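Please open the model in your viewer and keep the selection tool at hand, as this tour moves from one selection to the next.

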Amino acid sequence: MTELYIRTDLTDLPDARGYFGEFGGRFVPETIIPALDELEGAYADAIADPSFHDELAHLQRTYTGRPTPVSYARRLSERLGGAQIYLKREDLAHTGAHKINNALGQGLLAKRMGKGRIIAETGAGQHGVGTATAMALLGLACHVYMGTVDIKRQQPNVFRMKLLGAEVIPVTSGSRTLKDAINEAMRDWVTNVETTFYLLGSALGPHPYPMMVRDFQSVIGAEAREQIQEMTGHLPDACIACVGGGSNAIGMFHAFRDDEGTELIGVEAGGHGIESGEHAARFADLDISRPGILHGTRSYVMQDDDGQIMETHSISAGLDYPSVGPEHAHLRQMERAFYTMATDEEALEAFQVLSKTEGIIPALESSHALAEAIKRAPTMPRDSVLLVNLSGRGDKDLDTVIGVLDD
Amino acid sequence: MTKVREIHGLAALDKMFASSRAQGRAAFLPYFPIGYPTYQESLGAVEAMAHAGADGFEIGIPFSDPIADGPTIQAAAQVALENGTTVRNCLDAVRTLRAKGLQQPMLMMGYANPLVAYGTDQFVRDARLAGADGLIVPDLPPEEAAMFAESCAREGLALVFFLAPTSNDRRIAMAAKHATGFIYVVSLTGITGARAQLPTYLTDFIARLRSRTDKPLVLGFGISKPEHARQVSELMDGFIVGSALVRAGGEGVAAVRELAGSLRGAL
């Protein structure tokens, strides 16, 4: 198995200014530019230091429970009658989602930099829980911004964060979801920049976050690429992952970027359907989504004609975000990755199908990726392989699902 | 018959600083967002401040996600957007104020995305045609500003950049090189409350900036009371008051006029 789980190949994108092609960059108030410079320097130091790799790899093995397995979804594959479906089991990582990979990586970095106060944003609560967990482990104080809409729909995670010693700060501005939690975290950082480390949870925001988060998540694809070859004897025909900000997807895709035979498929939240206008499918609805600037980076942004950011909808809080990580915008433009979407209804169906056929209750976010696999598999030959990133488990979503299924 | 403005853009800002400097004080540059609490009242607020002796204005363009603003300006932006305020309305506001005879420099202040959506070249040209003299974009550091720098230079408009006490020598050199009109200095921790003196970190920082640039230095963030204005006036070429005036704007134009008058009177 790969021992060094984070990037050492410095020729990869982004470029020195943080751009992936025409996407990325640093569109932030001047106050935090020096902090981004400091972070970039500290990160470069850390990845050049074998002891940092050792410490992270040690925690991944002995604390997170890595490598997470790849499971063959036999009954689901038989039922669909086409491609064989394999699941990368990030739901089995400690805390129940891939978010812990990045939280531990950045947490170790914060400690190395001597920052004692950690702030984070969370949508579904998985990044908040991952961060609260890592901070409890590392002994750092932690404040998590969370929109009040998300607090309501992700109660178990709110309680978890509090139990882990984090302070959850409700955000009541704007749409009161992930977007507004990021606004509030950035405002906090602008005000307390000298003492505070902003532990951003997805592959978005100003440089170096999209790069750093990708690197800390690339352990997913690095493991899965070896595991799937051990199990099937070859590379998969396609990797499928859900895309909100896009950290689990980029973490999966990165290891496969040069494998031309492997299609990379990102699945956005189709909400109530594109025609309803209530969704978070940044690449599927180009009437209201186009390149713009949000949260420090240039990428596709759902916005009105006047450049005001639009409110999004998804049944899954983790995908309910009006922009998308800049590297995804670049991969799409290069036609290296393809992006599609699944509606709330399709995700809910996939949620139930996987529970019944495999005994795995997936997160609603991951259910979007599964929905695409369920659509595709029957159209593919039986000897083809789909690798789905099961980015998290669904316990946190039970209230939401029970509410919808009861109606 | 209104008086036609003879100079505009960078020259108008230079003249403004020369005039306040000649009077031995800093220029008073209030910020006010268009569309708050209504479009008409926001114009009324700017006019009232002009009569109260403001030297120039930041004309706020509302944005849905203003990451560099505190709760007061966030809430005002939300109200302005609920009122249907657009970028075009903000340019119209400037045109209307000029038609009413307002002579002071006006700088458009707004976040990058709405301006990018409008079209950066088109926005800068329309801003100049409306009678604006410069542009301030809080989420646009100099290294990302190429899309505005060229058109501002072509139209003769100021393009203002920020510095903060966290800025190192490299950042200071970059802002000093690229900023036109003035440099917007952000006082990191604010200077709210009845302080007897300005915090030393700020006076030290300004001294450091003075040794590295001749560009006018304007202080923003956290100035709300006449005694702040008086202290700042000795140190700076200009100062911006935002939240306190916006709060007053919620009470009405009379409250804005009174606060602006007391701030100006303290200089």
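Begin with two helices of chain A, α1(A) and α9(A), whose crossing is left-handed; the model is a predicted one, so treat what follows as computed from it. Select residues 33-47 of chain A for helix α1 and residues 209-217 of chain A for helix α9, and you will find that their axes come within 11 Å and cross at roughly 30°. Now show the side chains where the two meet: α1(A) brings Leu36(A), Leu39(A) and Tyr43(A), while α9(A) brings Tyr209(A), Met211(A), Met212(A), Asp215(A) and Phe216(A). Sorted by class, this contact holds 7 nonpolar residues and 1 charged residue, with no polar ones.

Next, display both chains and turn to the interface, where 36 residues of chain B are in contact with 34 residues of chain A. The area buried between the two chains is about 2700 Å², and carbon and sulfur atoms give 50% of that area. Select Ile67(B), Asn113(B) and Glu144(B), which supply 24% of the area that chain B buries against chain A, more than any other three residues.

Between chain B and chain A the count is 4 salt bridges, and 19 residue pairs are found in polar contact across the interface.

Finally, colour α3 (71-82), α5 (112-118), β5 (158-163) and α8 (169-178) of chain B, each of which supplies at least two residues of the side that touches chain A. The largest share of that side, 5 residues, comes from α5(B).

Technical notes
Residues numbered from 1 in each chain as written. Chains lettered and ligands numbered in written order. Predicted model: local features only at pLDDT ≥ 70, side-chain atom pairs only at ≥ 80, totals over all residues. Heavy atoms only, no water. Contact = heavy atoms within 4.5 Å. Buried area = accessible area lost by both parts, 1.4 Å probe. Salt bridge = Lys/Arg side-chain N within 4 Å of Asp/Glu carboxyl O. Polar contact = N/O pair within 3.5 Å; in protein donor to acceptor, adjacent residues only side chain to side chain. Helix = DSSP H or I, 4+ residues; strand = E, 2+ residues; numbered from the N terminus. Axes fitted to C-alpha atoms, helices over the stretch in contact; angles between N-to-C directions. Left-handed = near helix turned anticlockwise from the far one by under 90°. Nonpolar A, V, L, I, M, F, W, Y, C, P; charged D, E, K, R; others polar.
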